[in-house]
Amino acid sequence: MSRTTEPVVVIVPGLRDHVEEHWQTLLANRLTEAGRTVRTVPPLTKDQLSREARVAALTKVISEVDGPVVLVAHSAGVITTVHWSQWHEADVRGALLVTPPDFERPLPEGYPTPEVLAENGWIPVPRSPLPFPSFVAASSNDPLGTLERVAELTRNWCSHLVKLGAVGHLNPASGHGPWPRAEELLRELELG
């Protein structure tokens, strides 16, 4: 694939938005340095828990891209992407969906309750097949979603499950910064 035909990489962060030491931020920096075009959904300044506002922000970023995109979503960004896919169309060549949370079960203390998530439009989480190829990267010890529940979502979305082992939520809080496997999975998605 030549540089001119490579899809634009769209980074879809979770509810905590942009974090400097997060693998998504580091991936965006590495890809940009390598000459790839990368767009990141910006942090919300209001309605931060609103699913509708997050989907609108993703829609805006994708609409500004002239050509194909590949989505790289983490945590609630995965759920944003899945909601977006139910009502919007674009030339999405694939999606890397990393450690989706189980919003339909109680999350650890400090996270929104299922009731708050429902009030903000997050649940029910769509179960329809995604209209583009996707990998769902799952952890065996993610405090925000069991491997069994993530595997169920993966089947519903007609995605390919990638088991990562015990990596927590694959974020700085679980001891992760750079995640080189993201680039490998991205290449694999793009090669089809």
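Biologist: Which residues does L58 touch, not counting residues up to four places away in sequence?

Modeller: This is a predicted model, in which local features need pLDDT of at least 70 and side-chain atom pairs count only at pLDDT 80 or more, while totals for chains, interfaces and linings use all residues. Residues are numbered from 1 along each chain as its sequence is written, and side-chain values use heavy atoms, with hydrogens and water left out. Contact means heavy atoms within 4.5 Å. With residues up to four places away in sequence set aside, L58 touches V10, V12, V41, L71, T80, T81 and W84.

Biologist: Which residues of the largest nonpolar core touch the most other members?

Modeller: A nonpolar core is a set of buried Ala, Val, Leu, Ile, Met, Phe, Trp, Tyr and Cys residues joined through side-chain atoms within 4.5 Å, where buried means under 20% relative accessible area (1.4 Å probe, protein chains only). In soluble globular proteins, nonpolar side chains tend to be buried together. The largest core here has 38 residues, and those touching the most other members are V10, L58, L71, L97, F103 and W157.

Biologist: Which element supplies the largest share of this core?

Modeller: Helices (H or I, at least four residues) and strands (E, at least two) are DSSP runs, numbered from the N terminus. At least two core residues come from each of β1, α2, β3, α3, β4, β5 and α5. The largest share, 6 residues, is that of α2.

Biologist: How are α2 and α3 oriented to each other?

Modeller: Axes are lines fitted to C-alpha atoms, for helices over the stretch in contact, and angles run from 0 to 180 degrees between N-to-C directions. The axes of α2 (residues 51–63) and α3 (residues 76–87) come within 9 Å and cross at roughly 70°. Angles of 65 to 115 degrees count as roughly perpendicular. The two helices, α2 and α3, are therefore roughly perpendicular.

Biologist: In what order do the strands of the sheet lie?

Modeller: Two strands pair if DSSP finds at least two bridges between them. The open sheet has 6 strands with parallel pairing, in the order β2-β1-β3-β4-β5-β6.

Biologist: Which strands are at the edges?

Modeller: An edge strand pairs on one side only. The twist averages 20° from one strand to the next. The edge strands are β2 (38–40) and β6 (160–163).

Biologist: What is the bridge partner of H74 in β4?

Modeller: Strands β3 (residues 69–74) and β4 (residues 92–98) pair in the parallel sense over 6 bridges. For H74, the bridge partner in β4 is V98.

Key:
Angles under 35 degrees count as roughly parallel, over 145 as roughly antiparallel, 65 to 115 as roughly perpendicular and the rest as oblique. Buried means under 20% relative accessible area, exposed over 50%, partly exposed in between (1.4 Å probe, protein chains only).
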